[in-house]
Amino acid sequence: MEIEDLEQIKHYLKSLQKVVTYGADFKLFTNYLIKKNKIDDTYVCFLSLLPKSFKTAINIKKFEKVPSIVYYKILFDSIKGKFILNNGVYLVNYEKAVNCINGLINNLAKDIEFIEKNL
């Protein structure tokens, strides 16, 4: 994986973290209501830069304990929560989302290398 690509991924993860931190329309403890388009715009950019090997490894059982895969799955669940009263917003678990973003930023490079060697 190219260093420039990894830096772009980290940039979009940091952007996603800003959206989660500052983009909430309503906050209740650690649950934030954030408009779908705010999250989806940044999340799609992040997802488009992930290497194909990482996307493949998400669904392979032997990689389920790789830290970045674990963080990615928890991140997806924590930012894409359904809010019953309004389909235009996500119910985001702030603490989980921020912890997973930081974990991805710290572990992604070595985990992608590991995945590419073992795929």
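Analyst: Let us begin with one side chain and its neighbours, keeping in mind that this is a predicted model. Leaving aside residues up to four places away in sequence, phenylalanine 54 touches Ser68, Ile69, Tyr72, Leu108, Ile112 and Ile115.

User: Which residues have the most contacts inside the largest nonpolar core, and how many residues does that core have?

Analyst: The general idea is that in soluble globular proteins nonpolar side chains tend to be buried together. Here the largest nonpolar core has 33 residues, and those with the most contacts inside it are Phe54, Ile79 and Val92. The elements that give two or more residues to this core are the helices H1 (3–22), H2 (36–49), H3 (52–57), H4 (67–79) and H5 (94–118), together with the strands E2 (31–35) and E4 (89–93). Among these, H5 gives the most, with nine residues.

User: How should I read an aromatic pair, and how many of them does a search of the whole structure find?

Analyst: A pair of aromatic rings is described by the distance of the centres and the angle of the planes. A search of the whole structure finds seven such pairs. One of them is formed by tyrosine 43 and phenylalanine 76, with 6.1 Å centre to centre and 50° between the planes, which is a tilted arrangement. This pair links distant parts of the chain, since tyrosine 43 lies in helix H2 and phenylalanine 76 in helix H4, 33 residues apart.

User: Which residues do ring pairs link into a cluster?

Analyst: The cluster is made of Tyr43, Phe46, Phe54, Tyr72 and Phe76. Phe54, which belongs to this cluster, was also named among the residues with the most contacts inside the largest nonpolar core.

User: Which residues form a nonpolar patch on the surface?

Analyst: The patch is formed by Phe26, Leu28 and Phe29, which together have about 390 Å² of accessible area. Phenylalanine 29 is found in the loop between strand E1 (26–28) and E2, and its relative accessible area of 76% makes it exposed.

User: What does threonine 21 touch, beyond residues up to four places away in sequence?

Analyst: With those sequence neighbours set aside, threonine 21 touches Lys27, Tyr32, Tyr94 and Val98. Threonine 21 has its place in helix H1, and with a relative accessible area of 19% it is buried, because the cut-off for that class is under 20%.

User: How should I read a salt bridge, and how many does the structure hold?

Analyst: The general idea is that side chains of opposite charge can pair when their charged atoms come close. The structure holds five salt bridges. In one of them the side chains of aspartate 40 and lysine 80 meet at 2.7 Å, N to O. They link distant parts of the chain, with aspartate 40 in helix H2 and lysine 80 in the loop between H4 and strand E3 (81–82), 40 residues apart. At 21% relative accessibility, aspartate 40 counts as partly exposed, and lysine 80, also at 21%, counts as partly exposed.

User: What about the salt bridge of lysine 110?

Analyst: Lysine 110 forms a salt bridge with aspartate 111, where the closest N and O atoms are 3.8 Å apart. Lysine 110 counts as exposed at 51% relative accessibility, whereas aspartate 111 counts as buried at 5%. In a further case, the side chains of glutamate 64 and lysine 61 meet at 4.0 Å, N to O; here glutamate 64 is partly exposed, with a relative accessible area of 37%, and lysine 61 counts as exposed at 65% relative accessibility.

Conventions:
Residues numbered from 1 in each chain as written. Predicted model: local features only at pLDDT ≥ 70, side-chain atom pairs only at ≥ 80, totals over all residues. Heavy atoms only, no water. Core = buried A, V, L, I, M, F, W, Y, C linked by side-chain atoms within 4.5 Å. Buried < 20%, exposed > 50% of the residue type's maximum accessible area, 1.4 Å probe, protein only. Helix = DSSP H or I, 4+ residues; strand = E, 2+ residues; numbered from the N terminus. Contact = heavy atoms within 4.5 Å. Phe/Tyr/Trp six-rings, centres within 6.5 Å; stacked < 30°, edge-to-face > 60°. Patch = residues over 30% accessible without salt bridge, like charges linked within 9 Å, V, L, I, M, F, W, Y side chains within 5 Å. Areas by Shrake-Rupley, 256 points an atom, 1.4 Å probe, with all protein chains shown as cover.
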